[in-house]
Amino acid sequence: MFRCRADASDLPREAGTRKQQLQQVQEAVSEMKQELKDHQRRVKHLQSEGFLTVNSSVIGRLLALEVRHSEVSTLLHVHGALMHELQTQLQNLSRILRSMCKPVLMRTSAPISITRPAVPVVSSCPSDCASLIQNGVHRSGIYSVVLAPGVSLPVYCDMETDGGGWTVFQRRRDGSVNFNRGWDEYSAGFGDLRSEHWLGNTPLHLLVTQRHCSLRIHLLDWTHVHHHALYEQFSIESEQGRFRLHVSGFSGSVSDSFGWYHDGQDFGTPDSGHLCAEVCHSGWWFRHCYQANLNGVYYQGGLYSLRAQNLLGPDGLVWFSWRDSDFYSLKATTMMIRPREFRTHRSP
């Protein structure tokens, strides 16, 4: 884990202000030098004409200019020293940040052989998994990214799918994590990044407000059939906006059951007074109630029924168009985001 120092972001702005002030002082000195030269020229002319004793005001003006020039020169020297000190501090902080902003990979398997190349050091604080790719990191795993100055968060990065750079915010695979949670838990996040988890609505909002993002959803059923859905535009609002969903631009290998029906919906949880969330035992962007609910109850084998489970309504891990049914629960799902402008760079 690491934390980027917030005061580093103020230094370039302060250095710019100092530079502007220094430039203004330099211009003033230049003007005064020119004025001083003009007056010295006039004094010499008066001396040559024999009028020096008559026009004593010129001498007073000249002496005043010399004093003022000395004062401004001192001020210029002070500003120059401050500018140098600021640049030195900025360089030192940059070195500190470069040493602190290193990717932290948490492995779930046996340690990699020491003969393998080490993960490259990141030259700047990564804001998401795509920025890690740009710093030479190409291995999937758990890394720390910066959501805001001084605020970092571990996330799981998929560095293999379609060129990599995907930040995973939801994953279901074995039913090991209960997704029937309240508003606060869905806001902060829960689960295990190495397996099933929800990253959190607040971190997700911060991620999608940094850059325009696309959403990719992976779906797997109990016969090992795999499909994906891709949405070119994806974002959610802040908690004040009830984490409202904005999603569009669908393409993929399966019919859309998410974007067309759930776009523009507020997030609801069982404890937030949302009837669909209570019936479906999960947090989601419900409408009346869903065409897709990837945070639903995990049913081993996929098939379930109201009568067998004594339910008020279907509450499984459902993508309706998969089998045109609310009573088939998928085996695995993954939801992940990546900046829209991201371009894959494959070796020739």
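1. A word on naming to begin: helices (H or I, at least four residues) and strands (E, at least two) are DSSP runs, numbered from the N terminus. With that in hand, you can find His 224 in the loop between β6 and β7 (226-236). His 224 has a positive phi of about 70° although it is not a glycine. At 59% relative accessibility, His 224 is exposed, a label used for residues over 50%, while buried means under 20% relative accessible area and partly exposed is in between (1.4 Å probe, protein chains only).

2. Please keep in mind that this is a predicted model, where local features need pLDDT of at least 70, side-chain atom pairs count only at pLDDT 80 or more, and totals for chains, interfaces and linings use all residues. Residues are numbered from 1 along each chain as its sequence is written, and side-chain values use heavy atoms, with hydrogens and water left out.

3. Two other backbone spots deserve a look. Arg 242 has a positive phi of about 60° and is not a glycine; you will find Arg 242 in the loop between β7 and β8 (245-252). Arg 242 is partly exposed, with a relative accessible area of 34%. The peptide bond from His 288 to Cys 289 is cis, with omega near -10°, and Cys 289 sits in the loop between α7 (275-280) and β9 (292-293).

4. Now for the charges. Side chains of opposite charge can pair when their charged atoms come close. A salt bridge here is a side-chain nitrogen of Lys or Arg within 4 Å of a carboxyl oxygen of Asp or Glu, and the count comes to seven salt bridges. One of them joins Asp 128 and Arg 211 (3.4 Å, N to O). Asp 128 lies in the loop between α2 (56-100) and α3 (129-134) and Arg 211 in the loop between α5 (201-210) and β6 (213-220), so this pair ties together parts that are 83 residues apart in sequence. Asp 128 is buried at 7% relative accessibility, whereas Arg 211 is partly exposed at 22%. Asp 128 and Arg 211 also belong to a network of salt bridges with Glu 341.

5. Which residue forms a salt bridge with Glu 185? The partner is Arg 181, and the closest N and O atoms are 2.7 Å apart. Glu 185 is partly exposed, at 36% relative accessibility. Asp 192 and Arg 194 form another salt bridge (3.2 Å, N to O); Asp 192 is partly exposed at 28%, and so is Arg 194 at 42%.

6. Aromatic rings come next. Rings of Phe, Tyr and Trp (its six-membered ring) pair if their centres lie within 6.5 Å, and planes under 30 degrees apart count as stacked, over 60 as edge-to-face and the rest as tilted. The count comes to 20 aromatic pairs. Among them, Trp 183 and Phe 267 are edge-to-face, 6.5 Å centre to centre with 70° between the planes. This pair links distant parts of the chain, with Trp 183 in helix α4 and Phe 267 in the loop between α6 (259-262) and α7, 84 residues apart. Trp 183 is buried at 10% relative accessible area, and Phe 267 is buried at 2%.

7. Tyr 304 and Phe 327 form a tilted pair, 5.4 Å centre to centre with 55° between the planes. Tyr 304 is buried at 7% relative accessibility, whereas Phe 327 is partly exposed at 28%.
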